[in-house]
Every structure is written in structure tokens, then in C-alpha cells.
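Here is a note for a colleague who is meeting this structure for the first time. Please keep the sequence and the model open while reading the numbered points.

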Amino acid sequence: MSEIPDILKKIVETKKKEIEKLALKTQSLIREAINKRSPLDFKEAIAGSQGIPTVIAEVKKASPSAGIISSKLEPSLIAKEYELGRADAISVLTDKEYFKGNISYLERVKDVVSIPVLRKDFIISKEQIFEGRSAGADSFLLIAAILSTEQLSDFIKIGREFGMEPLVEVHDEADLTKALDAGAEIIGINNRNLRDFTVDIQNAVRLIPLIPNSKIIVAESGILSLKSASTLYKAGANSLLIGEFLMKSANKSQLIQEIKKARNG
């Protein structure tokens, strides 16, 4: 595995401490995950048919780069507004330390929406996958930069055993090679440079042609205008994962509809 950028190293070390406690509940998490109602089909929801663009709307309280985005976050209210605007799926940040999220946010979102919900976190252990499923997650994020090809393959397999197809996030060619070798079906391209946190949507434009047509492509980060959304859809992204742009909008439902129309703009 290639060297993990400093910010990710710090996050991963925090995750390792969290997992020590989580590992004590492994068996109960597995039981809860097995007994949970079957997950919704995240892959089908975001694939889009006949070139119709899709949106994964994110519930996001904060980030290391943007700071606090929503000081009084009400996950269920935001999720309902996203669904009203015809979002195709919802992403929920569950990382506590760096994104001020919580696994309970995902549970609250699942209680009020009928579309698939993605757990977005820094997953480095199978226990986190069990925890996400037991909380109702329909899919989960895997970050190629912090996992080996073997780990990616193992976690993808575990997800599929529970009926969840994960979103595998890449940033460069090396990450993409790992994701494809591991058998990922949904490839997310992060436009944020994980070393210095700068953002460039041309990163997705550059990588999309390298991805087989059979894969579902999701563009992430840096989508802060209808113009950037249009650029990414036209470059070949099936779906856009959008957080800050939507979270800061006064009319989230309307903005989602405008984003979907941006492909024709």
C-alpha cells in the first residue's frame, strides 16, 4: 500500500482507537446486521437510466477544510428535504472527530426516507461495515488511499454478503488500479487532493475516461455551482455526491432539481 497522506494518517489512527471499542461488540453487531431489513439497491438508484443524471445528497455538519457547515444540524429534516427534491440517494457523514458526524444521524435519516442511504466514514475494519448495516445503511464508502487491494476486495465481499454494494473512492491512477483490481462496481472520484486539501474538478474529468463503461461513476468534492455539475455530468459521471453546496442552500429541494438539469446546460 502506498504512503497515506498526513491528514489521513491522523484520521486512521483515530479510527483504530474507535475500532478497539467496536471490536468488543462484533458478534452483537453481526446479529443486528443480519436481522436488519434488507438494504435498498444503492447501485441501481444512482446508475441512472438512458443517461439520466443522479444526485447523492449529503448530510454533513462539518469538515476539516470547511469547518462547521451547519451548527444546528437536523439530519431527518434535511434528509426529507433532499428526498422531496428527488435526490436518488443520501450520504450521511458518521465520523465524529473530524466531521462532527454520528452513526445515530444515519439511523435518523433511515427512519424518514425511502431512498438508499450511504454511510460515509473512514472504514478500515469489518466491524464498521457491520455497524453501518445494523444502523440501516444501504451502502458504505471505502477509500482506496487508506486500504490495500486485498482489504478493498475483502470489504467489498463482506458488503455484498449483506446486500450492500460499496462506493469505492479514488483520487488518482494508483487508487483507481486498486479499486478495479479489487472488483469495485461503483467508483467515486474525489476531486479533493488529500495531501493539501485543494480541489480541482478536472481531476474527475481526467480519470473518467480510464474507467470501464460497465462501472458506475460518481464525482465527489468541488461541486459548488451548476456549472461544475454540468462539467462533471458531461464528462461522463453517472452521479454527483454533493454536500457543502446543498447544505448551504436555502432551498435544497429546488437546487437538487436544478443540478439534475445542469447536464443539459
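How many helices and strands are there in the protein?

1. The protein has 12 helices and 10 strands, where helices (H or I, at least four residues) and strands (E, at least two) are DSSP runs, numbered from the N terminus. The radius of gyration is 17 Å, close to the 18 Å that the globule rule gives for 265 residues, so the protein is as compact as a globular protein of that length. For that comparison the radius is taken over C-alpha atoms, and the globule rule is 2.2 Å times the number of residues to the power 0.38.

2. A word on the basis of these values. This is a predicted model, in which local features need pLDDT of at least 70 and side-chain atom pairs count only at pLDDT 80 or more, while totals for chains, interfaces and linings use all residues. Residues are numbered from 1 along each chain as its sequence is written, and side-chain values use heavy atoms, with hydrogens and water left out.

3. Taken along the principal axes, the box filled by the C-alpha atoms of the protein is roughly 50 × 40 × 35 Å. Of the 265 residues, 55% are buried; here buried means under 20% relative accessible area, exposed means over 50%, and partly exposed lies in between (1.4 Å probe, protein chains only). The protein exposes about 11,800 Å², and carbon and sulfur atoms supply 48% of that area, as computed by the Shrake-Rupley method with a 1.4 Å probe.

4. Contacts (heavy atoms within 4.5 Å) can also be sorted by separation along the chain. Among those between residues at least 6 apart in sequence, 67% join residues at least 24 apart. As for charge, the mean positions of the 38 positive and 36 negative charges are 4 Å apart, with Lys and Arg counted as positive, Asp and Glu as negative, and His and the chain ends not counted.

5. How many aromatic pairs does a search of the whole structure find? The search finds two, a pair being rings of Phe, Tyr or Trp (its six-membered ring) whose centres lie within 6.5 Å, with planes under 30 degrees apart called stacked, over 60 edge-to-face and the rest tilted. Phe99 and Phe122 form a tilted pair, at 5.8 Å centre to centre and with 35 degrees between the planes. This pair links distant parts of the chain, 23 residues apart, since Phe99 is in the loop between strand E4 (89-93) and helix H5 (103-110), and Phe122 in the loop between strand E5 (117-120) and helix H6 (126-134). Phe99 is buried at a relative accessible area of 12%, and Phe122 is also buried, at 9%.

6. Asn191, in the loop between strand E8 (186-190) and helix H9 (202-207), is buried at 2% relative accessibility. Leaving aside neighbours within four places in sequence, Asn191 has contacts that include His171, Asp200, Asn203, Glu220, Ser221 and Leu232. Ala262, which is 71 residues from Asn191 in sequence, is 19 Å away in space, C-alpha to C-alpha.

7. Is Glu220 buried or exposed? Glu220, which lies in strand E9 (residues 216-220), is buried, with 1% relative accessibility. Beyond its neighbours within four places in sequence, Glu220 is in contact with residues including Lys120, Glu169, Gly188, Asn190, Asn191 and Leu241. Glu220 and Asn190 are 30 residues apart in sequence, yet their C-alpha atoms are 4.8 Å apart.

8. Arg86, in the loop between helix H4 (75-84) and E4, has a positive phi of about 70 degrees although it is not a glycine, and at 64% relative accessibility Arg86 counts as exposed. Ser221, found in the loop between E9 and helix H10 (226-235), has a positive phi of about 75 degrees and is not a glycine either.

9. Two further loop positions complete the note. Ile115, in the loop between H5 and E5, is buried at 13%, and its contacts beyond four places in sequence include Leu40, Glu83, Asp88, Ile90 and Asp138. Phe42 is 73 residues from Ile115 in sequence and 8.3 Å from it in space, C-alpha to C-alpha. Ser225, in the loop between E9 and H10, is partly exposed, with a relative accessible area of 28%, and Ser225 and Glu97 are 128 residues apart in sequence and 28 Å apart in space, C-alpha to C-alpha.

Conventions: The place of a charge is taken as NZ of Lys, CZ of Arg, CG of Asp or CD of Glu.
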